[in-house]
Amino acid sequence: MYTFGDPTQWLPFVFAGLMGVSILVYVILDGFDLGVGVLFPLANEEEKDAMIATIGPFWDANETWLVLAIGLMLVAFPTAHGEILTALYAPVVIMLIGLILRGVAFEFRVKAPAAYKRLWNNAFFTGSLMTSLSQGFMLGLYVMGLDWTLGHVAFAMLTAVFLTVGYSFIGATWMIHKNSDALQLKAVKWARGGIWGLILGVGAVSLATPFVSARIFDKWFSFPQMLWLAPLPIVSALLIGWLWYMLRRMPFRHDRWNWLPFVAATLLWTMAYGGMAYSFYPYVVPEKITIYEAASAPESLFIILVGTLFVLPAIVGYTLLSYWIFRGKARELRYD
Amino acid sequence: MLDTLLLSRIQFAANISFHILFPTITIALGWVLLYFRIRYNRSGESRWMEAYGFWVKIFALSFAMGVVSGITMSFQFGTNWPGFMEIVGNIAGPLLAYEIMTAFFLEAVFLGIMLFGFSRVPRWLHTGATFLVAFGTTMSTFWIIVLNSWMHTPQGFEMIDGVAHATDWWAIIFNPSMPYRFFHMLLASFLTVSFLIAGVSAFRWLIGGRTKGVRVALRTSLFMAALLIPVQIFVGDLHGLNTKEYQPAKVAAMEGIWETERGAPLLLFALPDEEARENHYEVGIPGLASFILTHEWDGEVKGLNEFVAEDGTALHPRVAPVFWSFRVMVGTGMLMLLISWAGAVMMLRKRADGTGRRGVDGMPKVFLFGLVGMTFSGWLATLAGWYTTEIGRQPWLVQGVMTTKEAVADVPAPMVLSSLIAYLAVYAILLGAYIGVIFYLARRASNGQSIEPRLPQSEDAQVRALPAE
């Protein structure tokens, strides 16, 4: 009857995939620029400008992935959007105020009178920290099934700290790529410190998830799935070991391989995220609402999909163009 | 007592009022910057680049404010108004998705190139990036206005089990009020930017920053305002007629007319009384409201009493806010007409010795101070206009389809109150900082700092001579 099978089956799946990819791209891209913000107080005044220069041309587009992810959830899974966001009301407000503070601080810190620069630098750090912490908190609470019990909140507070340190790690690896000399050395040092957050964060979520529900436990620890999934933790562990080893020796002569830690970190995040997606599928509100139950009407999803197929490649294309134009070591940001 | 519904409404109003201030500037300022850029490309005159260099800073600042306050909006649907998407999500969803995909990414990515790429990319790419940013802001306006207009004049859908399903996308997109609202908003943005540029340029002129860049910006903005304000009044009139056809209750509230009547007066002043269902202290011009709305002196205008359910509940909005916002908007518009035309006339006056036009040199100080006073008049008119149309739609959220009450989330009132206070505090600080920084940048530019344009020496703009700042 249908060319591609039943659209109430494959459309929600496709949109869950699109939304998942948007969230992943967001946590990697905004992850590094939030991380740079979290690291802000550790740098001196001059270094702060150099740090901003590594993210200045990109941060706005990076944040747009959040708008896309939340927008896709809104349009494709409206019931889930309402359910999740009303459950996370308080952390969402904190995140939004954080995003507002850091977003405007980019502009104000260089345009306001010099006397206020320190103030806006603080706003940039505070905003980045609020955003990272609240996102980590939401992650923890989501994993625990969106219930505000004492234990869950405690777990969410842990993931808040881990995700923040994790963001600062990926921010530091971005700086290793974009900065040079003394600041690059500092970034290597910060990355060495930050890798802990990554290990503990990925570890905590990975360990906790299977024990939240028997369904997820079975997905991981029954035969033969266990065999197929075994490479995920093994490769992750190897990547972490390799990152560890590399960071002890960086920067290499002639600044070779300066992009490797960032790429390795990206891979690591992708795998951790993939594991999570595997655990929760087909649920969009953990253990309550599946993507099939929450999906909008197929005719509406279809018209969005048609647009997406044309527009998404263009978005990817000009995003790459922008990263290519501002490639290499970051230079001073100026309008002329 | 403040309940969740009212608090959520106030919070949404606060968020969207704060948000709309900045797109209102960036939509038109993007095109004005493109104009400056093209004039410079063609003439090579540094004054155009000087104007570009100053206003691109304000653009960047406004854009950042618009982006971050806009992110808040996309979360509000879920945190406070989940019912909206549950009932009309099948319509609103694709429109919002198209806005994100065709506008947000375009603006955000090319903004980076537009702001920081001047010396990194060829001239055509920089001009192109400026164009794409301006185009992106306009696309964003288009999609969001489509959705908003659909909420006022919904069509092209059917209700199945209480949920709206799209039947005709063409009808949804080109719904009856969309063209009027879209052009009304675009013009509002251009007028806001005209008066912003005129006000800040007049300020720079008054404190001694009398450069060619300031002259050209002032002239451009005054002529733009003088040309567009009559168009805006015309489009506004058409929009009013459209509203009369589709939302007569709103028009009755705008005009403060309780009983249906012929030859209705245009009320200049009145205190609408919701309890007594009448006005106090009316001052009006007989027949003029009928003439404006029906283009006949004794045309019939429906009164508010037609929109009362049998059990006595009002199916029309609260009258006073709609009545007064409408007057603030129209009043500001009339002031804009007066000032921009006076300014244009002064700009065009010839010098006594016949050596060209007097321009800004011929303007009395008091007029320039007046322009400074009008710097943010566009904001006032735009907000008042939006209040008129949005409060005027109440109690409906989507006219005739769902009420605002049906959409609100069951979040405890104290929670909403706390978030509302937090937002208001942040917004107040940021608004103060924003206005302060605009005038600070104007003062700094007038003191000769960072005012000298750095002009590219070679055509491809890769090799640059940079005079010290």
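Biologist: Which helix of chain B holds B:Asn80?
Modeller: B:Asn80 sits in helix H2 of chain B, residues 46-80. Keep in mind that this is a predicted model.
Biologist: Is B:Asn80 buried or exposed?
Modeller: B:Asn80 is buried, because its relative accessible area is 1%, and buried means under 20%.
Biologist: What does B:Asn80 touch?
Modeller: Leaving out residues up to four places away in sequence, B:Asn80 touches A:Tyr89, B:Ser8, B:Gln11, B:Ala407, B:Val408, B:Ala409 and B:Val416.
Biologist: New topic. How many residues are in the largest nonpolar core?
Modeller: That core has 253 residues. A:Phe15, A:Phe108, B:Trp55, B:Phe84 and B:Tyr434 have the most contacts inside it. Its largest share, 22 residues, comes from helix H3 of chain B, residues 82-116.
Biologist: And which residues does B:Trp55 touch?
Modeller: Its contacts are B:Leu29, B:Leu33, B:Phe36, B:Leu196, B:Ile197, B:Val200, B:Ser201 and B:Ala217. Again, residues up to four places away in sequence are not counted.
Biologist: What about the surface? Which residues form a nonpolar patch there?
Modeller: A:Phe211, A:Phe217, A:Phe221, A:Phe223, A:Met226 and A:Leu227 do. Together they have about 690 Å² of accessible area.
Biologist: Which helices of chain A each supply at least two residues of the patch?
Modeller: Helix H9 (214-221) and helix H10 (225-229). A:Met226 lies in helix H10 of chain A.

How values were computed
Residues numbered from 1 in each chain as written. Chains lettered and ligands numbered in written order. Predicted model: local features only at pLDDT ≥ 70, side-chain atom pairs only at ≥ 80, totals over all residues. Heavy atoms only, no water. Core = buried A, V, L, I, M, F, W, Y, C linked by side-chain atoms within 4.5 Å. Buried < 20%, exposed > 50% of the residue type's maximum accessible area, 1.4 Å probe, protein only. Helix = DSSP H or I, 4+ residues; strand = E, 2+ residues; numbered from the N terminus. Contact = heavy atoms within 4.5 Å. Patch = residues over 30% accessible without salt bridge, like charges linked within 9 Å, V, L, I, M, F, W, Y side chains within 5 Å. Areas by Shrake-Rupley, 256 points an atom, 1.4 Å probe, with all protein chains shown as cover. Salt bridge = Lys/Arg side-chain N within 4 Å of Asp/Glu carboxyl O.
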